[in-house]
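Please consult the sequence and the structure below while reading.

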Amino acid sequence: MRIAIVGSGSAGLMSAWLLQSEHDVSLFEASGRIGGHINTVTVPTNLGDLPVELGAEFVFEYGYTGLHALVKRLGLHFERASLPASITIDGRPTFVLPPTTGAAIRSVLSPATLRDLLWVGRLAITGERVARAGDWGLDVAGLMARAGIPRDVAERFLIPLIASGWGVPRDVARGLAAYSVVRVMGLRLAHEPHNFTLAGGLSSYTSRLAADSPRCRLLLNSPVLGVDRDQDELVVTTDRGAQRFDAVILACDWHNSARICTGSAPLEAWRRAFESFDDYQVRVALHRDPSYMPTARALWSSGNFFLSKTLQPRNTVWSGYRWRAPVFRTWLRPGESEPPTTLQVANYRHIVVTPNHHGRQQQLARLQGTAGLWAAGMYTSGVDNHESALRSALRIAERLAPNGERVRWFSPLVSA
Ligand SMILES: Cc1cc2nc3c(=O)[nH]c(=O)nc-3n(C[C@H](O)[C@H](O)[C@H](O)COP(=O)(O)OP(=O)(O)OC[C@H]3O[C@@H](n4cnc5c(N)ncnc54)[C@H](O)[C@@H]3O)c2cc1C
């Protein structure tokens, strides 16, 4: 088959990697680089050029079976690193979790903080039950109620903490699907906070996926403007003209997919399905300004959460944590100016995964393959992490190339 893939994020690249030996594959990418939300950039420091993440950064053990196996197969190696978090609640001293250094231990030793931490434990127990049951029906506010979290702890600490992790206001955080939040945060009692990093950053795996797909035609700077169905073929339009394909995989996110299908009567049901997804616009600045970090240097952590009563909760990741270098990434509040030392800013439309999200995914699942169209991408299945993007590509490849060697290798790994 002649297959067009639209978008070279994890889902598009994985689709190409799985299908390129079985079919004639063209991969259209709107921008001048591959990777989509996986975006490692190089920052010059006095320790040399450091690879830091502008998009996705965190990879855990739990929930990333496919990514771990893929990275190994691509000949790369994940390093496990600790992932401490500092939490600053308005009007209170900063504390650090898990408390593994002297300063961190001292930081949690107040009755108010110890009380909050007891409730984190309770939330983890209830959250784990929700995750095990695959309960998509509960939102974050419902999870707090089910765990019996006192209102002051939920409103002052736990809901703002989730909001800052996603870069969204408290109200949006309250409505997120508890199942997704728990799975993405890996909120488990036995969970020791950690991150898996790759030498050269996460872009090394997306680059390796592309390099390991030599039969795929990769077309950078080639935004797809529209797709239409014409008798037995799909017509893909770019500013260089129209090309015909037997199948098209839209791996380019919900809003671009909706736009691409607009105006095509045979793809109308697809357009409506794409438009049903919700998102929130986030702006992330990579900068060198330490004033976005806790006042006490000894409490600087990998993640630094600022939970204010009046302002939108905020998160600054210490991008230079592994090297103790002054490079930070802050989720800016709506309308907030960038720090003067900003190196780069990225705007993302982050999917908002509510309890309704799973129903929207099921609607897309019912449409898969109709009119020769397929939808891949993190939002199409599972929770909002890039393992979901990889799995979404596999589910399509299982139908388009069931006997493909890479499909047969990957399928049993992620259905386990
Ligand atoms: C700020 C941020 C932080 C995140 N952090 C984490 C994390 O720490 N851990 C984690 O597991 N997940 C994280 N995620 C989620 C994860 O990054 C994504 O789930 C995953 O990378 C998305 O992959 P994708 O292939 O579905 O889409 P994308 O990566 O969005 O790729 C879509 C691609 O399609 C291209 N495109 C769009 N329109 C067109 C068009 N018309 N024609 C051609 N190409 C087009 C885009 O340029 C892009 O390259 C984060 C997401 C964001 C936004």
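## Helix packing, domains and ligand shell

The axes of α1 and α13 cross at roughly 35 degrees and come within 8 Å. The model is a predicted one. In passing α13, helix α1 makes a right-handed crossing. From α1, the residues S10, A11, M14, S15, L18 and L19 take part in this contact, and from α13 the partners are H386, A389, L390, S392, A393, L394, I396, A397 and L400. By class, the contact of α1 with α13 comprises 11 nonpolar and four polar residues, with no charged ones.

Helix α13 (residues 386–400) also packs against α2 (residues 65–73), at an angle of about 75 degrees and with the axes 8 Å apart. An angle of 65 to 115 degrees counts as roughly perpendicular, and α2 and α13 are therefore roughly perpendicular to each other. In this contact G66, L67 and L70 of α2 meet H386, E387, L390 and R391 of α13. The residues of the contact of α2 with α13 comprise three nonpolar, two polar and two charged.

A further helix pair is formed by α10 and α11 (residues 268–275), which pack at an angle of about 155 degrees with their axes 8 Å apart. Since angles over 145 degrees count as roughly antiparallel, α10 and α11 are therefore roughly antiparallel to each other. Their crossing is left-handed. The residues in contact are W254, S257, A258 and C261 of α10 together with W270, R271, F274 and E275 of α11. Five nonpolar, one polar and two charged residues make up the contact of α10 with α11.

| Helix pair | Angle | Axes |
|---|---|---|
| α1 and α13 | roughly 35 degrees | within 8 Å |
| α2 and α13 | about 75 degrees | 8 Å apart |
| α10 and α11 | about 155 degrees | 8 Å apart |

At the level of the whole chain, the protein is divided into domain 1 (2–56 + 202–276 + 357–415) and domain 2 (82–195 + 279–351). The centres of domain 1 and domain 2, taken over C-alpha atoms, are separated by 30 Å. Domain 1 brings 18 residues to the contact and domain 2 brings 19 residues. On the side of domain 1 that touches domain 2, β3 (40–45), β4 (48–53) and α12 (357–367) each supply at least two residues. That side of domain 1 has eight nonpolar, eight polar and two charged residues.

The ligand is surrounded by 35 residues, of which G7, G9, G36, M378 and N385 are the closest. Domain 1 and domain 2 both give residues to the shell around the ligand, so the ligand lies between them. At least two residues of the shell come from each of α1 (10–19), α10 (254–261), β14 (279–287), β18 (344–351) and α13. Helix α1 provides the largest share of the shell, three residues. Divided by class, the residues around the ligand are 17 nonpolar, 14 polar and four charged.

Two local backbone features remain to be noted. L97 and P98 are joined by a cis peptide bond, with omega about -15 degrees. P98 lies in the loop between β7 (95–97) and α3 (102–108). R324 has a positive phi of about 55 degrees, although R324 is not a glycine. The loop that holds R324 is the one between β16 (314–317) and β17 (328–332).

Note on methods
Residues are numbered from 1 along each chain as its sequence is written. This is a predicted model: local features need pLDDT of at least 70, side-chain atom pairs count only at pLDDT 80 or more; totals for chains, interfaces and linings use all residues. Axes are lines fitted to C-alpha atoms, for helices over the stretch in contact, and angles run from 0 to 180 degrees between N-to-C directions. Helices (H or I, at least four residues) and strands (E, at least two) are DSSP runs, numbered from the N terminus. Angles under 35 degrees count as roughly parallel, over 145 as roughly antiparallel, 65 to 115 as roughly perpendicular and the rest as oblique. Two residues are in contact if their C-beta atoms, placed from the backbone, lie within 7 Å. Ala, Val, Leu, Ile, Met, Phe, Trp, Tyr, Cys and Pro count as nonpolar, Asp, Glu, Lys and Arg as charged, and the others, Gly among them, as polar. A residue is near a molecule or strand if its C-beta atom, placed from the backbone, lies within 6 Å of it. Domain bounds come from an automatic or database domain assignment. A crossing is left-handed if the near helix is turned anticlockwise from the far one by less than a right angle, and right-handed if clockwise.
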